[in-house]
Amino acid sequence: MDAASQAHVAFFLTGSRPTDHLEAVEGLGLRPAVLSGYRELAGLRYDFPLVLVANRPDGPLVQSLSGLMDEALAATTGDVHGERVRQHGLRIEREIRARVSNGATGLLSALWDEAASRLESGAEPSFGDSLRRVRTAITVDGEVADCDAALPARLLRHAWSAVQAKKAAAFRRHLDRLVLKLSDILRADFERSKAGRDASHLKASVGTGFGDAFDFDAMSHVLATTARTDAFPEARRQRIRHLLAVLTAQRFFASPDAYTFIFNSCGDALEAFRGRLPALVDLARAIAVAELEIDGQYSELRHDALFEQFGANGLDPQDLAAFPGYLVCVNAGQLPAAEHARLMEILSSGLPIKILLQIDDILEESPDGQGALTAGMRNRQIASMTIGLSDVYVLQSSSSNLYRFREHLLGGLTYRGPALFSVFSGASGAASGLPPYLVAAAAMESRAFPAFAYDPAAGTNWAARFCLEANPQRDLDWPIQGFAYEDEQHQRVSEELAFTVVDFVASDRRYARHLARVPRAQWNGNLVPVDESLSRERKGLPDTVPSLLMVDDHNTLHKVIVDERLIREARRCREMWHSLQELGGIHNSHAEALLARERRAWEEHAQPEAEAHAPPAPTAAAAGAVVMGTPAPQEPDRSPGEAYIETVRCSTCNECTTINGKMFAYNNNKQAYIADVTAGTYAQLVEAAESCQVAVIHPGTPRNPQEPGLDELLKRAAPFL
Amino acid sequence: MSPMSATECLLQMCDERFELEDYQSGVPRWCTGCGDNAILAAVQRLCRDEGLRPEKTVFVSGIGCSSRFPHYMRTYGFHGIHGRALPIAEGVKMARPDLTVFVNTGDGDCCSIGAAHWIHAIRYNMNLTVFLHDNQIYGLTKKQASPTSPVGTRTNTTPRGSYLEALNPLTVTLGVQNVSFVAQAVDWAPELLYDIVKAAYHHKGLSFVRIVQRCPEWMPKLLDPWLHDPGRVQLLHHRNGLLPGAGSVKVYTNQLEHDPSDINRAREIASNTQVVPVGILYRNPEVPCYEDLIGSDKLRTADVTRAGLNAELDKHTVWPRESHA
């Protein structure tokens, strides 16, 4: 092994950089080679910024600016001016994106106006016309949000508010209907009372136009003496008044002094929920009793005792679903131990509390610099641990992926139980000069922070509940990206690079000491890509060293090697990814073992047999088999000559019961049977058999050998025996 | 299906249980042997098994033998005018969507004088269960030809035999826009009749069930070939349609697997006059109901009603002309 290779291996094993063979990367501003094309995000069209739509309650809650522009351009570029309008539309989109990435905030309409006024000065005359056309086609408006540290909470609050508004509207409608119907009951009761039939009240109810046309005293007298005065009991009246009081005083929805449901602390949310629980139970009970009252079904005898203990065990998730959910937004980096305990208490309690756990840094190093590389592991694994609780909706995603995960986001907010949204904001990238979007996307791409959703309501097994689809190339350990560059001979070189967690860590300046730049002259076959290195199992002295391709601020290519500590971390990350893959049904070890076993069994036994015998043709019976709903009724044991009816085939035509209502009767389904064969004659049995429209009466043999005309009757009975 | 909440369970815990007798009212005055009795028995059994509260259930009929149906149900009922059962039922459903509304109509009531209402009721697809009692004759008025009488039927109005081919209620219904449920039953197969009536009740939208029915008084032999030859009853079955009981499968061996979502195949089956197809011909739960399309969430308070009435009346009020100065 030459001196350079020895130095490389030594760095790999110890993390120590001999200065004559390796160079430090600090200060070079390196980033992974595949990120070289993403220096100016504002010049690229991608999902961000987002428009948090505020004026379309039944439409999408959030739209990407580029998506909105695409729709508007498609609607406006159909004529000869199309290309011009498209160019101008894309110009203002780029301007808005640049302003937002520089910190501008506000409504889309306001940002549009600002961008338009800046671009219009000095632009060609047709520019204003193009903008007017495109602007007219954009019908939505709302706050514009970029992918930054504030995005997770802004987006979640926006979506939560929209979900609650819909829920509140439905609840309010329900409540108003109950109040109206209960008031109607009291009003009807009053109208039938003595006061309601009083002459002055009758006069007031007719109005002023025809006040003199009636004799209200006479009318009152007539009503008092002829109409029923069955006013309902005072207890019922009191009950309805109490229900009205509870329904109108509720503070959960659309009330002047409504409760707050958004919190920044798990403890506060928990305390609020528990403090309001008695009022919640009272309201739920009042709604249930009101439904019975309105339907006229409430019975003190039956229902008083039932509702006395209502809610003693709390309310179940289905009952709670009608009431507002709670939203808690917390930052994992500022979560004290007590708050952490409260978070787990909420998640394990089944309460309808949705928690946003925002993680700004998944690479923070442990204070002593020992052990596992990332102390942030605890926070990023909360989501995985929470899945173990089974009945919690869990979503994990980088903020760069939140727009694509918007349906899952809504799924969690509408889920009946608790939900955890674990979101990596990418804000830690600022220290390394990378925009949060790029850091968040790189975390997801590198499997450092994979995206998944676990929805307990979606089914009963992992296949239905667990979704891993958002991750790129999820069948692979690491996604593969194409990368092209120009070499020293100015020739284009294309490579395929795996984007591993080491690439992600390498883009963070805090970990520069785990990297060493290899001078171009020392590049050799012993420097292998990280993914290749990870796939090799080292048994002795390493003969290769893992390396990365990185670029500096001038997009010059560099090769850097990494120490073993990063490789250990990458292995751990890959194992965690493998666990998620198995949960998502990818390379599932149980399924693959089963498949291998079945394949072996088939090769040993079934295949020779299958080849020896041609497959039998399907039988006619099998091809047309009827799927039956109910089994055939059991045929009762009958003695020979006994009279009977095929009751299930009786069409209730009344023929037999008209002949003899004691001998023939109907069962619970109003189908005939022989109730008492001794209650009539054999002649009646034969007559009934002849009259039966569907020929289901079988008269049997005569019981009385002395019955007159028996020979003739037996001849008539023969077809029905 | 999501499980019931504890509160929903509580609300249902004290529900009254009903017996067949709770739905029976009076002794039917239909002729002995009339197929209407079989339909009545099946519907009463449905009401009991589904626990339909009599005060929340309405039967609406037009005119004819079949239309005496509401008299024999101890529920709310509306014995309407000739051909107008469907619009009355639609009005009931529109005003009281909480009620379960059934319609009993005959071949004359529905397919002749009420034909226009029939077609538009299918198009409106309101959540009603419609039973067409088709005995192929006007029985109440003592034998006149109805639209479904077979060609050549001798009656008081067609003494030389009817001239026209019979109208097929199934193919007509299957040809109307927005049709959502079409089934056929025969009164002499009570188990199948019950299964079909039940499936119709559970469909959300207008369920149209044609029940081929015997008239022992005026058309005693008409259906004998079908009645005495189970092979001429074609039993339609499918995993997504009717799952006939084992008893029916044993008796009716002429069986056809038919997916009720296939409307073209349904039309083909309905056109076959050699056999009587029995089962669900077509079902599409996705067709919207008219009441859902135009229904308003707005509460009808006394003030809203008064304001609406005043607004309507003001449109026609003749205001005194203001005196000229």
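Let's start with E95(A), which is buried, with a relative accessible area of 13%. Remember as you read that this is a predicted model. The side chain of E95(A) meets that of R99(A) in a salt bridge, 3.3 Å from N to O. R99(A) is partly exposed, at a relative accessible area of 24%. Both residues belong to helix α3 of chain A, and because they sit 4 residues apart there, about one helical turn separates them.

Stay with helix α3 for a moment. E93(A) lies in this helix too, which covers residues 82–101 of chain A. E93(A) forms a salt bridge with R45(A), and here the closest N and O atoms are 2.8 Å apart. This pair ties together distant parts of the chain: R45(A) is in the loop between β1 (31–32) and β2 (50–53), 48 residues away from E93(A). How do the two partners fare for accessibility? E93(A) has 1% relative accessibility, so it counts as buried. R45(A), at 42%, counts as partly exposed.

While you're looking at that loop between β1 and β2 of chain A, find P49(A), which is placed there as well. The peptide bond leading from F48(A) into P49(A) is cis, with omega near 0 degrees. That's worth a second look because most peptide bonds are trans.

Now hop over to chain B for another salt bridge. The side chains of D134(B) and R210(B) meet at 2.8 Å, N to O. Once again distant parts of the chain are linked: D134(B) is in strand β4 (residues 129–134) and R210(B) is in strand β6 (residues 207–212), 76 residues apart. Are these two buried or exposed? Both D134(B) and R210(B) are buried.

Salt bridges can also join up into networks. One network links D295(A) with R53(B), E55(B), K56(B), R96(B) and D98(B), so you'll find members from chain A and chain B in it. Over all chains, the structure holds 44 salt bridges.

Next, let's see how some helices pack. Two packed helices are described by the angle between their axes and the distance between the axes. In chain A, α7 and α8 pack at an angle of about 115 degrees, with their axes 8 Å apart. That angle makes α7(A) roughly perpendicular to α8(A). The crossing of α7(A) past α8(A) is right-handed.

Compare that with helix α6 (residues 151–191) and helix α10 (residues 266–294) of chain A, whose axes come within 10 Å and cross at roughly 50 degrees. That makes α6(A) oblique to α10(A). Their crossing is left-handed. Over in chain B, helix α2 (residues 36–50) and helix α7 (residues 190–202) have axes that come within 9 Å and cross at roughly 55 degrees. These two, α2(B) and α7(B), are therefore oblique to each other, and α2(B) passes α7(B) in a right-handed crossing.

Go back to α7 (199–206) and α8 (216–226) of chain A, and look at the loop between them, where F210(A) has its place. F210(A) counts as exposed because its relative accessibility is 59%.

Now for some backbone angles. Most residues other than glycine have a negative phi. N654(A) has a positive phi, near 75 degrees. You'll find N654(A) in the loop between β18 (644–645) and α24 (655–659) of chain A, and it counts as buried because its relative accessibility is 17%. In chain B, Q136(B) has a positive phi too, near 65 degrees. Q136(B) is in the loop between β4 and α6 (169–174), and at 8% relative accessibility it counts as buried.

E23(A) is in the loop between α1 (3–14) and β1 of chain A, and at 34% relative accessibility it counts as partly exposed. How far apart in space are E23(A) and E83(A)? Their C-alpha atoms are 51 Å apart, and in sequence the two residues are 60 residues apart.

Definitions and conventions. Residues numbered from 1 in each chain as written. Chains lettered and ligands numbered in written order. Predicted model: local features only at pLDDT ≥ 70, side-chain atom pairs only at ≥ 80, totals over all residues. Heavy atoms only, no water. Buried < 20%, exposed > 50% of the residue type's maximum accessible area, 1.4 Å probe, protein only. Axes fitted to C-alpha atoms, helices over the stretch in contact; angles between N-to-C directions. Parallel < 35°, antiparallel > 145°, perpendicular 65-115°, else oblique. Left-handed = near helix turned anticlockwise from the far one by under 90°. Salt bridge = Lys/Arg side-chain N within 4 Å of Asp/Glu carboxyl O.
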